[in-house]
Amino acid sequence: MAGMKVVVVKTAEDGEIDVEDLRAKIEQYRDELSVLMITYPSTHGVFEEHVADICAQVHEAGGQVYVDGANLNALVGLAKPGHFGGDVSHLNLHKTFCIPHGGGGPVWGRWVCGRIWRRICRTIPSLRLGRRRELGRSRRRPGVCRDSADLLGLRPAHGWGGLKRATQVAVLSANYIAKRLEPHYPVLYTGPGGLVAHECIIDLRPISRATGVSVDDIAKRLIDYGFHAPTMSFPVAGTLMIEPTESEDLIELDRFCEAMIAIRGEIEKVGAGEWPGRTTRCGTLRTLRLRWVGSGRTRIRVRRRCSRRGFRCRQVLAAGSSDRPGVR
């Protein structure tokens, strides 16, 4: 990449960077070391406890540190990226401040940089047009020369206290889901005290090996319960990465957890032979049926939900004609 060789650092059992392996790689490539990229919080759903020490080790060897701020919704109001020790960071606004996941395109967010990089940034035309503001010990410059209008009303509407609370709720929601699902699904990585950051990863690989029900089957079954599946097989294959953010209330979190617990019960039936494998409901996508009735644009949308564990089958009827049957 860019004429450089990428060296992968191992992951520790708790999802953090393997500090011993990093130290060995630094010594091995000391004369060639250019930059370390680290995501904070980790994509494994934990806060890197030794992030400042990691940055110091790379700097001592003459390298730079790029902090991938892909998960800003776990930092707003609680931490300053400039204090981690990184030299450059991209603060991606997806899942945060109304920006969709993916950022709306490359570098949609904010770049922050330390003193060494300020001189370089002044040579880039698109960065020279942006305003500079203090952010910890870094200065921010926009990677694009326009903002989303959705962002403008958030600070006056919520205030700094409200933005901080949004971060706290996002972290709390992820831990709530992790604790509720832990008796039914193994949580892959946890930090100190068994807690996660803004997301939790449930490991479905042991379940798949025991029953043959794959992560794809569970994702399709979630649609039957009215949920779009969380991130599948990233960053670890055969897992679900659940990121509730601050936008989901307790009722919705409980509804999701109850659906996952109900699906776990169905998987047990597959494992016990009560349901014959791939022909079961877990392996069949039958979530939303659209039927056209009558004339014109009259339409009936039928959503069926599982009747198990308190989920009642429900039909929602909507018609565009004067004989609208209403909603039942």
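**Helix packing, sheet and loops**

Guide: We begin with helix α1 (residues 19-28) and α2, whose axes come within 10 Å and cross at roughly 10°. The model is a predicted one.

Visitor: How are α1 and α2 oriented to each other: roughly parallel or roughly antiparallel?
Guide: The axes of α1 and α2 cross at roughly 10°. Angles under 35 degrees count as roughly parallel. The two helices, α1 and α2, are therefore roughly parallel.

Visitor: How do the residues of the contact of α1 with α2 divide by class?
Guide: From α1, the residues Val 19, Leu 22, Arg 23 and Ile 26 take part. They meet Ile 54, Gln 57 and Val 58 in α2. By class, the contact of α1 with α2 has five nonpolar, one polar and one charged residues.

Visitor: Which term describes the angle between α5 and α8, and what is the hand of their crossing?
Guide: Helix α5 (residues 154-181) and α8 have axes that come within 10 Å and cross at roughly 30°. Since the cut-off for this class is under 35 degrees, α5 and α8 are therefore roughly parallel to each other. The hand of the crossing of α5 and α8 is right-handed.

Visitor: Which residues make the contact of α5 with α8, and how do they divide by class?
Guide: On the side of α5, the contact is made by Ser 173, Tyr 176, Ile 177, Arg 180 and Leu 181. On the side of α8, the residues are Leu 250, Leu 253, Asp 254, Phe 256, Cys 257, Glu 258, Met 260 and Ile 261. The division for α5 with α8 is nine nonpolar, one polar and three charged.

Visitor: Which term describes the angle of α7 to α8?
Guide: Helix α7 (residues 215-224) packs on helix α8 (residues 250-271) at an angle of about 125°, with the axes 10 Å apart. That angle makes α7, relative to α8, oblique.

Visitor: How many nonpolar, polar and charged residues are in the contact of α7 with α8?
Guide: The passage of α7 by α8 is a right-handed crossing. The contact is made by Ile 218, Arg 221 and Leu 222 of α7, together with Phe 256, Ala 259, Met 260, Ile 263, Glu 266 and Ile 267 of α8. By class, the contact of α7 with α8 has seven nonpolar, no polar and two charged residues.

Visitor: How many aromatic pairs are there, and what is the arrangement of Phe 227 and Phe 256?
Guide: The count comes to three aromatic pairs. For Phe 227 and Phe 256, the rings are 5.5 Å centre to centre, with 80° between the planes. Planes over 60 degrees apart count as edge-to-face. The pair of Phe 227 and Phe 256 is thus edge-to-face.

Visitor: How many residues apart in sequence are the parts that this pair ties together?
Guide: Phe 227 lies in the loop between α7 and β8, while Phe 256 is in helix α8. The pair so ties together parts whose separation in sequence is 29 residues.

Visitor: Which are the edge strands of the open sheet?
Guide: Three strands form the open sheet in the order β7-β9-β8, with antiparallel pairing. An edge strand here pairs on one side only. The edge strands are β7 (200-203) and β8 (231-232).

Visitor: Where is Ser 233, and what is its phi?
Guide: Ser 233 is found in the loop between β8 and β9. Although Ser 233 is not a glycine, its phi is positive, about 55°.

Visitor: What is omega for the cis peptide bond that joins Phe 234 and Pro 235?
Guide: Pro 235 also has its place in the loop between β8 and β9. The cis peptide bond from Phe 234 to Pro 235 has an omega of about 0°.

Note on methods
Residues are numbered from 1 along each chain as its sequence is written. This is a predicted model: local features need pLDDT of at least 70, side-chain atom pairs count only at pLDDT 80 or more; totals for chains, interfaces and linings use all residues. Side-chain values use heavy atoms; hydrogens and water are left out. Two strands pair if DSSP finds at least two bridges between them. Helices (H or I, at least four residues) and strands (E, at least two) are DSSP runs, numbered from the N terminus. Axes are lines fitted to C-alpha atoms, for helices over the stretch in contact, and angles run from 0 to 180 degrees between N-to-C directions. Angles under 35 degrees count as roughly parallel, over 145 as roughly antiparallel, 65 to 115 as roughly perpendicular and the rest as oblique. A crossing is left-handed if the near helix is turned anticlockwise from the far one by less than a right angle, and right-handed if clockwise. Contact means heavy atoms within 4.5 Å. Ala, Val, Leu, Ile, Met, Phe, Trp, Tyr, Cys and Pro count as nonpolar, Asp, Glu, Lys and Arg as charged, and the others, Gly among them, as polar. Rings of Phe, Tyr and Trp (its six-membered ring) pair if their centres lie within 6.5 Å; planes under 30 degrees apart count as stacked, over 60 as edge-to-face and the rest as tilted.
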